[in-house]
Amino acid sequence: AAAAAAAAAAAAAAAAAAAAAATAASIMPASSLHLVALLVASWGASPSRAGVDMKCVQKHCLWQFAKYAVDPTSLKLSFCETGCQKYYDDDPTPGKYHYQNCTQKCTVTYESKASDDFIGCAMTNNCLMLPPIPGHCPWKKEDIVPGATLATISGEWWQHRGLNPVYDCFPCQHIHSNILVNDSAWCAKTVSPVTGPVKEPCWNYTYSYDVFKTDNTLKYYDQSWQLPSDTPPGNPIDIFYTYQGTTHNETWYPVAATEKYAIIAFCSYILSWINVGSIVWVRPGQELTESEESDIRALYKNKFNISYDTFCDVRHGDTCDAASDMMSSHARPRPLLTSREVQELSYHLGLSLERSEVIL
């Protein structure tokens, strides 16, 4: 679920770097200046483009902006994200999945401290505008398992299948642990804009996954979140977390839980974007039976009118590298899809996958 934040951050990054053109002019080669000049001319010209309020930036984020404007990696992120705009314009999917997939890859490939610091500041102070991805969260409190809390999904899990074709389908999504801790200083590292610092005891949610870069190799990413323990049983679980320098919000709905598997529906919010997803987790070493898969299929169909057959299968378990063997720069080639596999994926997701570079 966390990966949804990356695409929005990338879109914001492009808008920010466009505004940095004048500051960076004295140190950039002519070819880079020409490209940034095009960015400056295009951003803010249409609601379908990302935008930046430079008066706001000057007031709240001037120091972060100065570092961002002269950072070569941040400029590469901007140029990469600019190339994604054509997917937004032509993307027929309701969640602009081709566009989000493109921007997400840019962020993963060209992340830097300078971009994290500036984008985090600009987003916190409402200096950035993203092209709209309208939608609504379809899940309801009534969908939740009676009495469910984060304790219902505590422990270790592997992601088995996912609904969102971008963010729920990264390989090797591993929830290493979800355990309750009594550490007030550590819990308070996450600050909710609604309720303030997370209070102890809190849930230490540690996860990892492999995420795609622009060349379709994979990069290992892991993180620990501080999640609240005071959500009343049976209620939607609102969480906040820091991802690539910015604070993001999700709401989780545990809709099924057994000893072997759990089903979580969620909505992810960032500025004007709403991403909807649902995931099936399994315990380590467990394989779901045909009967259990049938039960899950029936739940999605009868309760939400969603076809479980459209979900992606997520590689997990023994086929994934151990975290100790992987570094953040780790990459391995991704197998190419055959033309038949592309057609089948397009049919199941209702998408037109004509551009090979945006295939997940």
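Mentor: A search of the whole structure, which is a predicted model, finds 20 aromatic pairs.

Trainee: Why is the pair of Tyr68 and Phe118 called tilted?

Mentor: The ring centres of Tyr68 and Phe118 are 5.1 Å apart, and rings pair if their centres lie within 6.5 Å. Their planes stand at 45°, whereas stacked needs under 30 degrees and edge-to-face over 60, so the pair is tilted. The pair links distant parts of the chain, with Tyr68 in helix α5 and Phe118 in helix α9, 50 residues apart. Tyr68 is buried, and so is Phe118.

Trainee: Which residues do ring pairs link into a cluster?

Mentor: The cluster includes Trp157, Phe170, Tyr205, Trp225, Trp252 and Trp281. Of these, Tyr205, Trp225, Trp252 and Trp281 are also named, with Ile153 and Leu227, as the residues with the most contacts inside the largest nonpolar core, which has 29 residues.

Trainee: Which element gives the most to this core?

Mentor: Strand β7 gives the most, with six residues, while α8, β7, β8, β9, β11 and β12 each supply at least two. In soluble globular proteins, nonpolar side chains tend to be buried together. Leaving aside neighbours within four places in sequence, Trp252 is in contact with residues including Ile153, Tyr205, Trp225, Leu227 and Phe266. Another core, of 24 residues, lies apart from the largest one, and among its members are Leu77, Tyr88, Cys127 and Leu128.

Trainee: How do you know that Asp117 forms a salt bridge with Lys113?

Mentor: The closest N and O atoms of Asp117 and Lys113 are 2.6 Å apart, and a salt bridge asks for a side-chain nitrogen of Lys or Arg within 4 Å of a carboxyl oxygen of Asp or Glu, so the pair qualifies. Asp117 and Lys113 are separated by about one helical turn, because they are four residues apart in helix α9. By this rule the count comes to four salt bridges.

Trainee: Why is Asp117 called partly exposed, while Lys113 is called exposed?

Mentor: Asp117 has 33% relative accessibility, which falls between the limits of 20% and 50%, so it counts as partly exposed. Lys113 has a relative accessible area of 63%, and exposed means over 50%, so Lys113 is exposed.

Trainee: What makes the pair of Asp313 and Arg161 one that links distant parts of the chain?

Mentor: The side chains of Asp313 and Arg161 meet in a salt bridge, at 3.2 Å from N to O, and the pair joins strand β13, which holds Asp313, to strand β3, which holds Arg161, across 152 residues. Asp313 is exposed, with a relative accessible area of 61%, whereas Arg161 has 9% relative accessibility and so counts as buried.

Trainee: Why can it be said that Lys260 and Glu292 tie parts together?

Mentor: Their side chains meet in a salt bridge of 2.9 Å, N to O. Lys260 lies in the loop between β10 and β11, and Glu292 in helix α11, so the pair ties together parts that are 32 residues apart in sequence. At 16% relative accessibility, Glu292 counts as buried.

Trainee: How do you know that Asp116 is buried?

Mentor: Asp116, found in helix α9, has 17% relative accessibility, and that is under 20%, so it counts as buried. Leaving aside neighbours within four places in sequence, Asp116 is in contact with Glu111, Gln244 and Gly245. The C-alpha atoms of Asp116 and Gln244 are 5.4 Å apart, although the two residues are 128 apart in sequence.

Trainee: What is the mean pLDDT of the chain?

Mentor: The mean is 79, and 75% of the residues reach 70 or more, but over residues 20–45 the pLDDT is below 50, and it stays under 50 over residues 323–360.

How values were computed
Residues are numbered from 1 along each chain as its sequence is written. This is a predicted model: local features need pLDDT of at least 70, side-chain atom pairs count only at pLDDT 80 or more; totals for chains, interfaces and linings use all residues. Side-chain values use heavy atoms; hydrogens and water are left out. Buried means under 20% relative accessible area, exposed over 50%, partly exposed in between (1.4 Å probe, protein chains only). Contact means heavy atoms within 4.5 Å. A nonpolar core is a set of buried Ala, Val, Leu, Ile, Met, Phe, Trp, Tyr and Cys residues joined through side-chain atoms within 4.5 Å. pLDDT is the predictor's confidence in each residue, from 0 to 100. Rings of Phe, Tyr and Trp (its six-membered ring) pair if their centres lie within 6.5 Å; planes under 30 degrees apart count as stacked, over 60 as edge-to-face and the rest as tilted.
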